[in-house]
Amino acid sequence: MASGSTAGYATGEPSKAEDEVPAVLFKVEPEEGGRPGDCRATFVVPSGWAAKLAERPVATKGGLFDLRVGKPDAEGQEAVQTVFYSPRPERTAEAIAKVISRRIADPDGPDVECVVM
């Protein structure tokens, strides 16, 4: 893994059985050639999902994150990526991974984050 990069995984809904909610692995790295502080988060997704997930952005933590199809990893698994600035990029990537996980688990389900004030 590159210097300055971190990795993790997230599931969309901890209340469901682990086998029903796919874990989405991700890594966060500084964005080469980007603005200072920009990070690239790459999310490993099941085969056939990258293009579908890239069709619409992820809304979470008050931000809107465009997903782009990334290069497959060494094992040929598909990936999506987004570039963003965050003071806590690992937490931002984890929140994005949870939304991705929910989309994979329930493609026709609601895709909203609700805040009650």
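Predicted model: local features only at pLDDT ≥ 70, side-chain atom pairs only at ≥ 80, totals over all residues.
## Strands side by side

Let's start with the strands: E6 and E7 run antiparallel to each other and are joined by two bridges. Across from valine 69 you'll find valine 80, which belongs to E7.

The protein has a mean pLDDT of 84, with 76% of its residues at 70 or more. Strand E6 (residues 68-69) comes out with the highest confidence, at a mean of 97, while strand E1 (residues 6-10) has the lowest, at 64.

## Two pairs of rings

How many aromatic pairs does the structure hold? There are two. One of them joins phenylalanine 26 and phenylalanine 43: the ring centres sit 6.0 Å apart and the planes meet at 45°, so this pair counts as tilted. Phenylalanine 26 is in strand E2 (residues 24-30) and phenylalanine 43 is in strand E3 (residues 38-45), so the pair ties together parts that are 17 residues apart in sequence. Phenylalanine 26 is buried, at 8% relative accessible area, and phenylalanine 43 is buried as well, at 0%.

Phenylalanine 65 and phenylalanine 84 make an aromatic pair that is edge-to-face, with 5.7 Å from centre to centre and 85° between the planes. Here strand E5 (residues 63-65) supplies phenylalanine 65 and strand E7 (residues 78-85) supplies phenylalanine 84, so parts 19 residues apart in sequence are tied together.

Most residues other than glycine have a negative phi. Now check lysine 61: its phi is positive, about 55°, even though it isn't a glycine. Where does lysine 61 sit? Its place is in the loop between strand E4 (58-60) and E5. Lysine 61 is also exposed, because its relative accessible area is 63% and anything over 50% counts as exposed.

Terms used
Residues numbered from 1 in each chain as written. Heavy atoms only, no water. pLDDT = per-residue confidence, 0-100. Helix = DSSP H or I, 4+ residues; strand = E, 2+ residues; numbered from the N terminus. Phe/Tyr/Trp six-rings, centres within 6.5 Å; stacked < 30°, edge-to-face > 60°. Buried < 20%, exposed > 50% of the residue type's maximum accessible area, 1.4 Å probe, protein only. Pairing = 2+ DSSP bridges.
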